[in-house]
Amino acid sequence: MDSEWKRFRDSPNSEELTRRSSFPDEVLERVLSLLNSHKDRSSVSLVCKDWYNAERWSRTHVFIGNCYSVSPEMVARRFPNIRSVTLKGKPRFSDFNLVPENWGADIHAWLVVFAVKYPFLEELRLKRMAVSDESLEFLSVSFPNFKSLSLLSCDGFSTNGLAAIATHCKNLTELDIQENGIDDRGGSWLSCFPESFTSLEVLNFANLASDVNFDVLERLVSRCKSLSVLKVNQSISLEQLQRLLAHAPQLTELGTGSFSQQLTVCQYEELETAFSNCKNIHTLSGLWDVKAIYLRTLYPACTNLTFLNLSYAALQGGELAKLLVHCPQLQRLWVLDTVEDKGLEAVGLNCPLLEELRVFPIDPFDDEIAHGVTEAGFIAVSNGCRRLHYVLYFCRQMTNAAVETVVRNCPNFTHFRLCIMIPGQPDYTTNETMDEAFGAVVKTCTKLQRLSVSGLLTDLTFEYIGKYAKNLETLSVAFAGSSDWGMQCVLEGCPKLRRLEIRDCPFGNKALLSGLEKYESMRSLWMSACNVTLNGCRALAREMPRLNVEVMKEDGSDESHADKVYVYRTVAGPRRDAPPSVLTL
């Protein structure tokens, strides 16, 4: 759509064409309301002033990929009728403890503005934001029709904040709490839902650690007849799970608790019956501490599964193979590397519709670990799953030939994330670099949007990326490259690049400053443990005043060295809440 707009804008008759094609405002706003893509809506707003205003008034959802790229006041002025907000905060490397705990991204200032400008707000989705109990309580009392809260990888709040949401949000339909740094003060927050409350459709507290009051949970599930997503934590036993399923056979997504309780024959049969009655489940997760003997109870519910998340279930290859036989519709699969190559061979044999595979390490820091997956399992999956277009694959060894085979079998990859866990690991059969592996990826997979590279890599890999990866939007690099030239190749050659993440690479000031013309069209650049200096960062900030250049210093580091650099475009100017450890240029 962007290219069509540019051709239209540059036409000598564009003004006349705009006048002739004008619609009544209500018609145009109705048409635009059918556009779901935020990229398409942004493109539409550039056509002319009428379309800009129509898009402005008809938009009800806004996505903000960086909370410091714009201010809440600017958002409110631009879009007066927002009902739903998705907001992202800290850089992704905060997941790996590379960002100071008090870095920022506090939601409260946004909520204060929204309370005035969007009192009709219904939905809030936050990722990597700092959220306090006070903010959650403010949210719960400021928006009378609030319905949906999703917190992913956020921190700063406790179960007291969840209690406030449960107490005051009378119309709540979704409470989705995933992988947060939460102060878990017990499961009593569930009892704060009023006994008259029946509107819940999504409830996910899978990553909370404490026991919950099961009687309260059971009554809540039984009251909410529209509940379609239920993901419980590890404290819920198999016997309790059976009782929940009996109340909610309509579930479409289920996250189980612990799958290891000793069951009597009668309890086993009741659990199997409960799963048999759940005809609509398409997503299954949980299965903590799973015992193979109880996997059979799942078989009746596997017929329509499209997503199976086993990232908390340390299954062996044979156990996975028996389960997959019953999952003919599977499209997404997450597993631990305990399944080994044998388990991945079963994936290739039983999952012809598979589109996404993620293989996580059960212990990425144990170099002496005996099990794991290799290139053989990767090839086996590609042989049987020709629709595969998304892969995240953690392993300890790989070969150029294997990667070339995989992409030849599955040329439609849009996301290719290969993580060889030993830094600088070469092709273990030839001792050569892994340059040709990733060269094959970018040459073969012309639709590639996200790429993570690893292993022993020289600048040749980045030359390949710059030359062939014309649709690449996100690139993640670690322990790779030979010189500044590698990063320059990427910045000059990838026209759609939006996010570049680099750590422990030899790139320095020359590489950093080679992207002057690129950074304003990107969302962000992250560089840590590279050869960048404070003077280089200052030069970038001087040349590009519409960028925020942030340097995070570590205790005891060289004063002239920029330990961690985070660069992002903004229309809001420098932020004013940075801690002392973050230097904003």
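The legends below describe close-up views of one predicted model.

Residues are numbered from 1 along each chain as its sequence is written, and side-chain values use heavy atoms, with hydrogens and water left out. Because the model is predicted, local features need pLDDT of at least 70 and side-chain atom pairs count only at pLDDT 80 or more, while totals for chains, interfaces and linings use all residues.

View 1. The average pLDDT of the chain is 93, and 95% of the residues score at least 70; pLDDT is the predictor's confidence in each residue, from 0 to 100. Where pLDDT is low, the predicted coordinates should not be read in detail.

**View 2. Packing of helix α17 against helix α18.** Helices (H or I, at least four residues) and strands (E, at least two) are DSSP runs, numbered from the N terminus. Helix α17 spans residues 435-444 and helix α18 spans residues 459-468; their axes lie 9 Å apart at an angle of about 5°. Axes are lines fitted to C-alpha atoms, for helices over the stretch in contact, and angles run from 0 to 180 degrees between N-to-C directions. On the α17 side, Asp435, Glu436, Phe438, Gly439, Val442 and Lys443 take part, meeting Leu460, Thr461, Tyr464, Ile465 and Tyr468 of α18. By class, this contact has six nonpolar, two polar and three charged residues; Ala, Val, Leu, Ile, Met, Phe, Trp, Tyr, Cys and Pro count as nonpolar, Asp, Glu, Lys and Arg as charged, and the others, Gly among them, as polar.

**View 3. Buried residues of α18 and their cover.** The buried residues in α18 are Asp459, Thr461, Phe462, Tyr464, Ile465 and Gly466. Buried means under 20% relative accessible area, exposed over 50%, and partly exposed in between (1.4 Å probe, protein chains only). Their cover includes α17, β17 (450-453), β18 (474-478) and α19 (484-493).

**View 4. Asp484 in helix α19.** Asp484 has a relative accessible area of 19% and is therefore buried. Its side chain reaches the backbone nitrogen of Gly508 at 2.6 Å. Leaving aside neighbours within four places in sequence, Asp484 is in contact with Pro506, Phe507, Gly508, Lys510 and Ala511. Asp484 and Pro506 are 22 residues apart in sequence, with a C-alpha to C-alpha distance of 7.1 Å.

**View 5. The enclosed helix α9.** Helix α9 (residues 159-168) is largely enclosed by the rest of the structure, because seven of its ten residues are buried. These are Thr159, Gly161, Leu162, Ala163, Ala164, Ile165 and Ala166. Among the elements that cover them are α8 (133-142), β4 (148-152), β5 (155-158), β6 (174-178) and β7 (181-183). Ser158 caps the N-terminal end of α9, with a side-chain oxygen 3.0 Å from the backbone nitrogen of Asn160.

**View 6. Surroundings of Ala105 and Arg128.** Ala105 is located in the loop between β2 (84-88) and α7 (108-117). With 0% relative accessibility, Ala105 is buried. Beyond four places in sequence, Ala105 touches Cys67, Tyr68, Gly89, Lys90, Arg128, Met129, Ala130 and Asp577. Arg128 lies in the loop between β3 (123-127) and α8 and is buried, at a relative accessible area of 10%. Although Arg128 is not a glycine, it has a positive phi of about 55°.

**View 7. Glu550 in strand β21.** Strand β21 covers residues 547-552 and contains Glu550, which is buried at a relative accessible area of 0%. The side chains of Glu550 and Tyr568 are joined by a polar contact of 2.7 Å. A polar contact is a pair of N or O atoms within 3.5 Å; within protein, one must be able to donate a hydrogen and the other to accept it, and residues adjacent in sequence count only if both atoms are side-chain atoms. Not counting residues up to four places away in sequence, Glu550 touches Trp103, Lys564, Val565, Tyr566, Tyr568, Arg575, Val582, Leu583 and Thr584.

**View 8. Ser311 in the loop between β12 and α13.** Ser311 is buried, with a relative accessible area of 18%. A polar contact of 2.6 Å links its side chain to that of Asn309. Beyond four places in sequence, Ser311 touches Trp334, Leu336 and Phe360.

How values were computed:
Contact means heavy atoms within 4.5 Å.
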